[in-house]
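Here are my notes on the model, point by point. Have it open as you read.

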Amino acid sequence: MSDRDYAREGRTAQTGVTFQRPAIVAGLYLATLVLGLSVFVGLILAYVWRGENDGEPWEESHFTYLIRTFWIGFGVSVAMVVTVLGVAVWIAAADSSRGDPSAALVTLVVVGFGLLTMIWYCVRSILSLVAAANRRPMPNPQTWWF
């Protein structure tokens, strides 16, 4: 079909590489590991694009999934920061002469949990990116896992 045929039907020709909107959001989520704050741009775009009526049906499941990815990850991160601050206060208040190994253990657990959260965040973003590249909806956008 030529460009002229598409114009008669009121459509535009699909040429070259196209980026689906959920793939852009997932890419911004992953870019935050390097850039730092691009996740906020992705979150705003996900909310704006989810609210539009001109999107394709499969896209909405991605936006729900990615918005939940942000908020679940944010909640877990806040809980970890509060835990780390609590451990810091606990260490400062402890008697430094006896060397309490439990504070180090709690810190190690929080750091390990932080790494698992980062892996969880990356896996969810990559799963959305792959499904968006194939124009497939997310199977269960309300899940906490994958």
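Is Tyr121 buried or exposed? Tyr121 counts as buried, at 11% relative accessibility; the cut-offs are under 20% relative accessible area for buried, over 50% for exposed and partly exposed in between, with a 1.4 Å probe and protein chains only.

1. Ground rules. This is a predicted model, so local features need pLDDT of at least 70 and side-chain atom pairs count only at pLDDT 80 or more, while totals for chains, interfaces and linings use all residues. Residues are numbered from 1 along each chain as its sequence is written, and side-chain values use heavy atoms, with hydrogens and water left out.

2. Overall layout. The chain has five helices and zero strands, where helices (H or I, at least four residues) and strands (E, at least two) are DSSP runs numbered from the N terminus. Of the 146 residues in the chain, 31% are buried.

3. Aromatic pairs. Rings of Phe, Tyr and Trp (its six-membered ring) pair if their centres lie within 6.5 Å, and planes under 30 degrees apart count as stacked, over 60 as edge-to-face and the rest as tilted. Tyr29 and Tyr121 are stacked, because their ring centres are 6.0 Å apart and their planes sit at 10°. Tyr29 is in helix H2 (residues 21-35) and Tyr121 in helix H5 (residues 101-133), so this pair ties together parts 92 residues apart in sequence. Tyr29 is buried too, with a relative accessible area of 0%.

4. The Phe pair. Phe40 and Phe70 have ring centres 5.8 Å apart and planes at 70°, so they are edge-to-face. Here helix H3 (residues 38-51) supplies Phe40 and helix H4 (residues 57-93) supplies Phe70, so the pair ties together parts 30 residues apart in sequence. Phe40 is partly exposed at 40% relative accessibility, whereas Phe70 is buried at 8%. Ring pairs also link Phe40, Phe70, Trp71 and Phe74 into a cluster.

5. Salt bridges around Arg21. The structure holds four salt bridges, each a side-chain nitrogen of Lys or Arg within 4 Å of a carboxyl oxygen of Asp or Glu. Arg21 bridges to Glu59, with the closest N and O atoms 2.9 Å apart. That pair links helix H2 to helix H4, 38 residues apart. Arg21 is buried, with a relative accessible area of 15%, and Glu59 is buried as well, at 6%. Arg21 also forms a salt bridge with Asp54, at 4.0 Å between the closest N and O atoms. Asp54 sits in the loop between H3 and H4, 33 residues from Arg21, and is exposed, with a relative accessible area of 63%.

6. Have a look at Arg135. It has a positive phi of about 55° although it is not a glycine. Its side chain meets Glu56 in a salt bridge (3.2 Å, N to O). The pair links the segment after H5, which holds Arg135, to the loop between H3 and H4, which holds Glu56, 79 residues apart. Arg135 is partly exposed, with a relative accessible area of 42%, and so is Glu56, at 33% relative accessibility.

7. Helix H2. Its 15 residues should span 21 Å at 1.5 Å a residue, and the end C-alpha atoms are 20 Å apart, which agrees; the expected span is 1.5 Å times one less than the number of residues. Just after H2, Gly36 takes a positive phi of about 95°.
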